[in-house]
Amino acid sequence: MSTLSWNPSNGQCGILFSIKFQVDRCINWMNQFGLLIEQQLHQVKTDSNVTSSETDEEDTDEEENIINPHGIRMDRSSVSAEVYGIYNKKANFKPKIVAKSPQQIQKIKDRLLQQFMFASLDEHELRIVINAMEVIQVAKGTQIIKQGDDGDNLYVVDQGQLDCSKLKNGIQQFLKTYQPGESFGELALLYNAPRAATIIANVDCVLFQLDRLTFNHIVKDAAFQKRGRYEEFLARVDILQELDPYSRLQIADALRSKSYHPGDYIVKEGDEGSCFYLLEQGEAIATKILNQSQPPQVVYQYKAGDYFGEIALLRNSPRAASVIAQSAVTVVYLNRNSFKRLLGPLENILTKNFKKYEKYIS
């Protein structure tokens, strides 16, 4: 095997140092990785051999999870990244139960059913989430989360309003106001990332708080599956290009899906409009009665990525036309409240786009 001799004049000295540096980096990485595996194996062993020391550990956890006078759990100085896979199995998850009155339990359930992030949960999973949630009261002016901090909890608003703002280019920019029934804080938990914005209560509020561990084991998988399905699709919808990625993710959480056979009516002319639709798969046509003595005429053709149903919602009027599936069709839709809340910033653009229907709806 050939070797490199020490010869500074031909530059081989630099090559030797470079090779040694890369080898040292590789060895160091392997040592760190081996240590991590050893720690995880030790943790699994510890979990499988529960002893009476659990009582002491639980007391320590309670001391760490201090709640300040406003009812907000104080974040620890940092949150380490979760290691997923064989060492983080759901089987090892022990759901916590926070004592609540039957009235509080029912109220939390009602709020969660308004949150589409929890729509994919079955009854058992929903019950675990409800049991784990805490009811907290916050005073006006309380900062619930701060941009850049680690995130330990997700919040659902029960009562009150909270302002969301983001520091950008040295300026604190207002983004939106959270209303009862809305949730926030999920992004930091979903992506194990710092808080993306700051949220402050602008009146006295009541919030439902869900911890990171329960969220990761019960809600996260369902949320990722749903977001993964719709994120790429929504990015291709022209009208949604005006929204930032976070707003599109909120839409993904709110979407419901429905399938139709060829010839099925998706909406009918004259009916009350309650939903906004995006055509995910398939083709459809819009028909309208232009002359009472003639059958409905085809006035528009829809393909994947097109949308319809906004006219009735923006004008609070009956459906201006019927939409009929021409092939096997899958649509995703927002109800009236979600449409107003999530697509409100696009109202002017949606109204301008009425021109494609003008000759039919005037």
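**The core and its setting**

Author: The protein chain has an accessible surface of about 21,000 Å², and carbon and sulfur atoms account for 52% of it. Such areas come from the Shrake-Rupley method with a 1.4 Å probe, and for residues only the protein chains shown count as cover. This is a predicted model, in which local features need pLDDT of at least 70 and side-chain atom pairs count only at pLDDT 80 or more, while totals for chains, interfaces and linings use all residues. Residues are numbered from 1 along each chain as its sequence is written, and side-chain values use heavy atoms, with hydrogens and water left out.

The pLDDT (the predictor's confidence in each residue, from 0 to 100) averages 76 over the protein chain, and 71% of the residues score at least 70. Residues 1-21 stay under 50, and the pLDDT is also below 50 over residues 35-89.

Of the 362 residues in the protein chain, 39% are buried. Buried means under 20% relative accessible area, exposed over 50%, and partly exposed in between, with a 1.4 Å probe and protein chains only. A nonpolar core is a set of buried Ala, Val, Leu, Ile, Met, Phe, Trp, Tyr and Cys residues joined through side-chain atoms within 4.5 Å. In soluble globular proteins, nonpolar side chains tend to be buried together.

The largest such core holds 23 residues. Leu234, Leu240, Ile251, Leu278, Leu334 and Leu343 have the most contacts inside it. Two or more core residues come from each of α6 (212-235), α7 (245-254), β11 (275-281), α8 (310-315), β16 (329-335) and α9 (336-343). Helices (H or I, at least four residues) and strands (E, at least two) are DSSP runs, numbered from the N terminus; the protein chain has eleven helices and 16 strands.

Leaving aside residues up to four places away in sequence, Leu234 touches Leu240, Gln241, Arg248, Ile251, Ala252, Leu255 and Leu278. A contact here means heavy atoms within 4.5 Å. Among contacts in the protein chain between residues at least 6 apart in sequence, 76% join residues at least 24 apart.
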